[in-house]
Amino acid sequence: MTFAFRIGADENGLGARLGPMIVTAVLARVDERGTRTLSRKLPRAIRADLDDSKRLMTHTDVALGEAWARVLTDERAASPAALFEQLSLEGSAELQKPCPKRTHGQCWTESRDDPFQADAELLARIRGHRAALAERGIELIAVRTSAICTGQLNTFKARGKNRFVADLHAMEALILALRARAGSDVQAVCGKVGGMGEYSKFFGPLSGRLHAIIEQGQPRSAYRFPGIGEVHFVRDADASDKLVSLASIVGKYVRELFMSRIGRHYPSDGPRPSGYHDPVTERFVAESALVRDARGISASCFEREPVARAAELLAEA
């Protein structure tokens with residue numbers, strides 16, 4: 001029986017106002033049965049826990065994403081912080097290097113309020129789904145995330161690198177890391193990055209590598225890289241590709257781990273903000289302003305700026 005390695009990758013938080021952008025990729029080994037399974041609807045029981053993350057999760061209930069993350073890392077982590085270390089491509093030590101000391105606490109302070117949410121019943125159900133997928137020829141091997149914080153996004157913007165390019169470069173880095181893990185060429189499916197149709201001129205980690213264009217357009221852009229495999233960027237892939245859906249589910253959990261810390265770091269009488277452009281987040285930004293000023297927390301590390309102040313951001317980089 002022949003096998004192929006498949007990757008699904010997607011982002012969470014691309015259009016947010018607060019919090020990091022999280023890019024996640026899942027690696028699977030797939031045989032002929034698995035290829036057929038991925039081309040069809042999954043059984044209803046699996047589909048109830050593996051679908052478009054926007055349909056299955058909210059920013060206040062990410063237990064499903066946590067359960068998938070824990071099961072895919074063989075439930076070795078004893079805490080959310082330890083789980084993040086297993087998921088993170090960069091590792092928290094590397095991610096914290098550019099953090100100003102005054103701002104460090106808003107994203108990296110662990111708390112007793114950061115417990116695992118998934119109960120034993122949910123974990124058992126997700127274990128069963130993983131086993132059922134393996135029986136159908138889809139062996140889920142690894143999951144990795146890349147986190148790009150607000151400060152980095154603002155600094156990138158000041159240097160002319162927008163969030164779409166940052167998203168693309170993170171996807172490329174994850175694909176290369178999982179290609180190394182697979183030890184063989186892969187077929188990667190990624191959610192479309194913004195409205196891009198032509199990707200070659202925007203590549204980062206993949207730039208300079210010989211590649212052939214398979215197709216380029218708004219619904220799909222695809223490329224073949226010798227020694228790496230194929231990379232496809234597909235519109236609405238989180239709703240149509242099971243591995244992309246799974247990546248989005250895990251990524252949403254990781255993003256909300258950071259948002260819960262940010263929400264807890266600043267006193268507020270209201271509900272925890274999603275970090276997107278909504279009334280609750282608007283109120284949270286307003287209520288936290290005096291505290292942030294008193295603590296000397298830079299606005300560029302708290303909120304994404306529509307028009308970055310280049311001089312200030314580059315001075316802080």
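A salt bridge is defined here as a side-chain nitrogen of Lys or Arg within 4 Å of a carboxyl oxygen of Asp or Glu. The model is predicted, so local features need pLDDT of at least 70 and side-chain atom pairs count only at pLDDT 80 or more, while totals for chains, interfaces and linings use all residues. Residues are numbered from 1 along each chain as its sequence is written, and side-chain values use heavy atoms, with hydrogens and water left out.

Across the whole structure, 18 salt bridges are found. Among them, Arg17, Glu282 and Glu303 are joined in a network.

Glu66 lies in helix α4 (residues 63–72), helices being DSSP runs of H or I with at least four residues, numbered from the N terminus. Glu66 pairs with Arg70 in a salt bridge whose closest N and O atoms are 2.7 Å apart; both residues belong to helix α4 and are separated by four residues, about one turn of the helix. Glu66 is buried, at 0% relative accessible area (buried, under 20%; exposed, over 50%; partly exposed, in between; 1.4 Å probe, protein chains only). Arg70 is likewise buried, at 13%. The side chain of Glu66 also reaches the backbone nitrogen of Ala118 at 2.9 Å.

A salt bridge between Glu287 and Arg283 has an N to O distance of 2.7 Å. These two residues lie four apart in helix α13 (residues 279–295), and both Glu287, at 30% relative accessibility, and Arg283, at 42%, are partly exposed. The side chains of Asp74 and Arg76 meet in a further salt bridge, at 3.5 Å, in which Arg76 is exposed, with a relative accessible area of 54%.

Definitions and conventions: A polar contact is a pair of N or O atoms within 3.5 Å; within protein, one must be able to donate a hydrogen and the other to accept it, and residues adjacent in sequence count only if both atoms are side-chain atoms.
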